Amino acid sequence: MDDQRERITEYTRKCADSFLQETRMEEPGPRMTLDNLSMSYGDFRALEDIMLEIPRERITAIIGPSGCGKSSLLRCLNRMNDIIPGCRVTGEVRLDGENIYDPGYDVIRLRRTVGMVFQKPNPFPKTVYENVAYGPRLAGVKDKGELNGVVEESLKKAALWEEVKGKLLGPAMNLSGGQQQRLCIARVLAVEPEVILLDEPCSALDPVATQRVEDLLAELKERYTMVIVTHNMQQAARVSDFTAFVMIENQGEPGEVVEFGETNHIFTNPADERTERYITGRFG
Amino acid sequence: MKARKDFHQQLDELYLELLRMANATMEVLERTRAAFRDVDMEAAQSIIEGDDEIDGYVTRIDGEGIKLLARQAPVAIDLRTIVIIMRISQELERAADNCVNISKAMENMQGYALSPWIRENMDEMFRWAIKIIVGAVNAFKERDPDMAEELTRMDDTVDRINREFLTTYDRESEDETELVVRVVMTARFLERVADHGVNIGKEVRYMVTGEFAD
């Protein structure tokens, strides 16, 4: 029986491999590297010795059960955890070779370079225009013409321009949920990031809006490195190039990266049994 | 619509790959027919050696099909299409395997003269088996669910000729046992080829209508 199973596994591995041989993505170098990253909230150790490389200009999905530290991990990538009292980080997170946790690292610049989109769309209670212009203006862009240009270009990149060009001066809160989320993406794009972090960006959106955002991500990865946390495994399977599976062994223990690999492999033939149990729904 | 378009593009590519495989299989059938008619041992050998090419199609189609199922979680017509494409590729592979079997059976036929009766009836059987496969592939290409019935009718002819080989020829032939065995085996292999064609027709019907044949 084992023999049969082994032969079947070998066959499906050969199938996955045969496809990969034809369309193997060039191994991109990492944009960000997590090196022995550990994080605690006060006494509670949330992440332990995370080793991960985020490939440049690809979409990396982080999947795993609730409460395993996915969002905490994401927030380490642009030091959003800094604002949480009692939060301590050890180890390194390197962006293009520089450790972002070095004392003296420009955190403001970091949060522009590594932008974030949140689960619940959170446009500013301002006009559509102001939402996008806010960041560049803060960064020193004063010329009206230039600002107009940045706003238009960012909204175009976020696939939102056609829908809002006639109501730029209208309130952002009047847009639909999906439009608001794309506005938040435009807001991130306006300050010229290199990395975009997305924390469950579609979980508050309906299926049609979700698809539009996913289509947008597929376009954006030509220029930006993206990391998306999602509890929707199908989304991770559809959208990402690489997938990291994070989980905790037992309640109260810190999260760890169980497996990381090309999404093709993870969803057709994961290496770790725990990954397979999770993605096939045998978890818990 | 980039992400979903990529999926449908990949689905189209899978569909085309199956048609390419079907072309390759039909070509092998024609070559086997000619090889048998002429008792051409070289042609038979080349058919045996070329089987890896057909197997390669199955590996690629399975690989791509599984990947699409895993990553896109398709439903409805997309799901049926992918599953049926993978099934049809196996039917075609087995049809091609039977051509290899026929070619191998020819190994010990060298030196024998095929009687006009054998040559005519086997060629007739080849003709019908190929017609069934071509009909089945066309049904897939045109997404025609109704071809399945016609293929079953054509299969009756193949079965009839096969029975004649099994009974009339086997019983009454004065040919040497070695040749008789090879000829009867060949008829059997062709009957299998026709069966695979009929199966493809049924699978196409399921793909299009979502209903299994009775």
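1. Confidence in the complex. The model is a prediction rather than an experimental structure, and the predictor gives the complex an ipTM of 0.72 together with a pTM of 0.82. For chain B the mean pLDDT is 92, with 97% of its residues reaching 70 or more. Among the elements of chain B, the highest mean pLDDT, 97, belongs to helix 4 (residues 76–105) of chain B, while the lowest, 90, belongs to helix 6 (residues 147–172) of chain B.

2. The open sheet of chain A. Six strands of chain A form an open sheet with mixed pairing, and their order across the sheet is 6-7-8-3-9-10. Strand 6 (114–117) and strand 10 (256–262) of chain A stand at the edges and have a single partner strand each, so one side of each is left without a neighbour in the sheet. From one strand to the next, the twist averages 20°.

3. Strand 3 (residues 59–63) and strand 9 (residues 242–247) of chain A run parallel and are joined by 4 bridges. As one example of a bridge partner, A:A61 has A:T243, which belongs to strand 9 of chain A.

4. The antiparallel pairs of strand 1. Strand 1 (residues 30–41) of chain A runs antiparallel to strand 2 (residues 44–55) of chain A, with 8 bridges joining them, and A:L37 has A:I50 of strand 2 as its bridge partner. The hairpin made by strand 1 and strand 2 of chain A has 2 residues between the strands, and in this hairpin A:G42 takes a positive phi near 60°. Strand 1 of chain A is also joined by 8 bridges to strand 4 (residues 87–95) of chain A, again in an antiparallel arrangement; here A:S38 stands opposite A:T90 of strand 4.

5. The nonpolar cores. The largest nonpolar core has 73 residues, and those with the most contacts inside it are A:I62, A:A186, A:L197, A:M226 and A:V246. Helix 7 (residues 177–190) of chain A supplies the largest share of this core, namely 7 residues. Apart from this core lies another, of 58 residues, which includes B:A136, B:V137, B:F189 and B:I200.

6. The surroundings of A:V246. Which residues is A:V246 in contact with, leaving aside its neighbours within four places in sequence? They include A:I62, A:G64, A:C68, A:G69, A:K70 and A:L73, and the contacts of A:V246 also take in A:G255, A:E256, A:V257 and A:V258.

Key
Residues are numbered from 1 along each chain as its sequence is written. Chains are lettered from A and ligands numbered from 1 in the order in which they are written. This is a predicted model: local features need pLDDT of at least 70, side-chain atom pairs count only at pLDDT 80 or more; totals for chains, interfaces and linings use all residues. A nonpolar core is a set of buried Ala, Val, Leu, Ile, Met, Phe, Trp, Tyr and Cys residues joined through C-beta atoms within 7 Å. A residue is buried if 20 or more other C-beta atoms lie within 10 Å of its own, exposed if 12 or fewer, and partly exposed in between; C-beta atoms are placed from the backbone. Two residues are in contact if their C-beta atoms, placed from the backbone, lie within 7 Å. pLDDT is the predictor's confidence in each residue, from 0 to 100. Two strands pair if DSSP finds at least two bridges between them. Axes are lines fitted to C-alpha atoms, for helices over the stretch in contact, and angles run from 0 to 180 degrees between N-to-C directions.
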